[in-house]
Amino acid sequence: MPWISKDSANTTIERRDEPYLTEAMIKTARETYLPRYETKQAATLPVLHMIQHTYGWIPHQAIEEVAEFLELTPGTVLDTASFYEEFWLKQKGKHTIAVCRSIACEVCDHAALTNRCREKLNIEIGETTDDGVFTLIELECLGACGGAPAALIDETLHETVTPEQLNALIDGARKNKAH
Amino acid sequence: MWQPKMTTPILTKRIPTPPFGDFADRRTISYDEYAKTGGYESLRKALTMPPAEVVSIVKDAQLRGRGGAGFPTGLKWTFLPAPTGPQTERLARGEQRYLAINADESEPGTFKDRLLMDFDPHMMLEGIAICCYACQLDRAFIYIRGEYHHQAAVVENAIKEAYDNGVFGSKGLLKGTDTANADFGNGPFAVECHLHRGAGAYICGEETALLESLEGKRGWPRNKPPFPAIKGLFGKPTIINNVETLAHLPSLIEHGVDWFKALGTESSAGTKLMGVSGHVNRPGVFECDLGIPLRTLVESKDYSQGMRNGKKFKGAIAGGISTGVLSADQFDAPMDFDIGRAYNVLGLGTACPTIFDEDTDMVLVARNIARFFKHESCGQCTPCREGSGWLYQLLCRIEDGDARTKDLDLTLEIATSMGAMPGTTICGLADGNNWAIRTIINKYRDEFEARVRPTYVPVTMSVGAAAR
């Protein structure tokens, strides 16, 4: 429900000295993204994607930095960022397990997948494990209806997943924690 | 007995698909392989014709948009204003013309464009180049949904290959940039092509929401008119086409109008990618003539090989959840663009049916669909924002067995009146929601009635009932 307004104006913004929008990102944006569009604002999505991909979420400080870079107000960037589900404005776990809950997956028993995750990780949908490694969410259609039930682990799609396979995938992802 | 008119695969020429190949042999086709198997020859052919001739071929072939609405592609192209001069002069004046490719495939049940982007992205890119040449468009943006991480990487790589091999860019259109168009008095012509990733919003598949999203704003549909062909991306003339529509162009240019019209049915020419999902033995994307009966698609050994576990067919979503359901007695419905009028669904949609077996709870199906639309309503128009939420709550209540008959009536009432197009909402999302819920309740009404308790109405007096 993207129209629900996010945190109100009195939120304190956590800050750090090092900018989130790095020089390398600015360089990519200048060379690759900005020349494509007629307005600077149009580069908002690609730049936010870079930040989301690098940090796993989009801190408010980063929104301000993006706004400054694109010569917009922070509110304009937040307006865009808060609309899209893939941009996380709150910190999430290192790995995201997204189970598809749309029609083909639901009739092919997506609930078995979600329940296995809930039991294994001891969290509910939308929550993050205490150690900050996993976030479990259910998403609308992943575009893999032919391979229902489907799950997206970080950026990799898995089709026709059984609860056992998902179990193994979670274990595999946990091992990658060290990276 | 229905017989296919298609004798060789067309869109799936390089993507092994039953009955001509095996799913397991599918792999991504590189530029070299694409070019070796006749790729980009159609673009070369198109470049020898005046742009207007290419448009008239598409118009004569009656190629209808494959993104869901089935709008004639050639007709859409003719809505564009004529270019005001050669490309270099136009661009200097800031009079760009754009192509936006809708690859924001996110309606539940639909997964056909993914096939083209996964395995044969150059067919789409060739279609893009042909379209840009025909309509004299300067820049193309492929708007791909955010969840398609792998596909985005494949398409990005394919675009790079296309740039390197002289399709796009200043040394592009197969290295004839300087001469392309010159024969027809339009001077040099070049096309730029970029990938733009969405970020998880279904509504961005609506054409004007897609443009807003491309401009870096939230994906809120725009009021029409002005239509995108007049004022689209950045206020400039813009054509928006689906991936599959564009992928049809190379074969259409290669083989011509008569060949294309010989496929499919009279009102729905050509072939179509059909993605079957749900309770079937072999789900997946197949290529079939338009007009194939749903029963054949499900039961034929060439396609989905029948229902899973030998169950009976109970119903199917026609093509993406917004189109509504086909009931068990509509199993023989031909999958063409006339399906809407003939079988009381919204339309063919994307022709990707989701099949339900006899054990499926249709109340659950309705609830799931209502949740989807509630979640994806952009929140701009009140009838859709509020109505979709109430529909979901009512259907949850019916599913839980807490509802009364009047709740069922109320559900139907909302599903008949909420944001009824045209005029009460900006886009068609509420309409899709309505069609889905309304057709499910109307076609499986007894299942819903069995779940609700009668409304208790104490009768103390009867007013006006004695007139008869």
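Visitor: Why is the meeting of the Glu86(A) and Arg197(B) side chains called a salt bridge?

Guide: In this predicted model, the N to O distance of that pair is 3.7 Å. The cut-off is 4 Å between a side-chain nitrogen of Lys or Arg and a carboxyl oxygen of Asp or Glu, so the pair qualifies as a salt bridge.

Visitor: How many salt bridges does the rule find across the interface of chain B and chain A?

Guide: Seven. Residue pairs in polar contact number 27, with both residues at pLDDT 80 or more.

Visitor: Which helix gives the most to the side of chain B that touches chain A?

Guide: H14(B), with nine residues. By class, that side of chain B has 22 nonpolar, 22 polar and 17 charged residues.

Visitor: How do you know what area is buried between chain B and chain A?

Guide: The accessible area lost on putting the two parts together is summed over both. Here that comes to about 4200 Å², and carbon and sulfur atoms give 54% of the buried area. Ala199(B), Arg218(B) and His375(B) supply 17% of what chain B buries against chain A, more than any other three residues.

Visitor: What makes E6(B) and E9(B) edge strands?

Guide: The open sheet of chain B runs E6-E5-E11-E8-E9, with mixed pairing. E6 (284-289) and E9 (325-327) of chain B each have a single partner strand, so one side of each lacks a neighbour in the sheet.

Visitor: What makes E8(B) and E9(B) a pair?

Guide: Pairing needs at least two bridges. E8(B) and E9(B) have three, in the antiparallel sense, so they count as paired. In E9(B), Val325(B) is the bridge partner of Ile317(B).

Methods: Residues are numbered from 1 along each chain as its sequence is written. Chains are lettered from A and ligands numbered from 1 in the order in which they are written. This is a predicted model: local features need pLDDT of at least 70, side-chain atom pairs count only at pLDDT 80 or more; totals for chains, interfaces and linings use all residues. Side-chain values use heavy atoms; hydrogens and water are left out. Buried area is the accessible area (1.4 Å probe) that two parts lose on being put together, summed over both. A polar contact is a pair of N or O atoms within 3.5 Å; within protein, one must be able to donate a hydrogen and the other to accept it, and residues adjacent in sequence count only if both atoms are side-chain atoms. Helices (H or I, at least four residues) and strands (E, at least two) are DSSP runs, numbered from the N terminus. Ala, Val, Leu, Ile, Met, Phe, Trp, Tyr, Cys and Pro count as nonpolar, Asp, Glu, Lys and Arg as charged, and the others, Gly among them, as polar.
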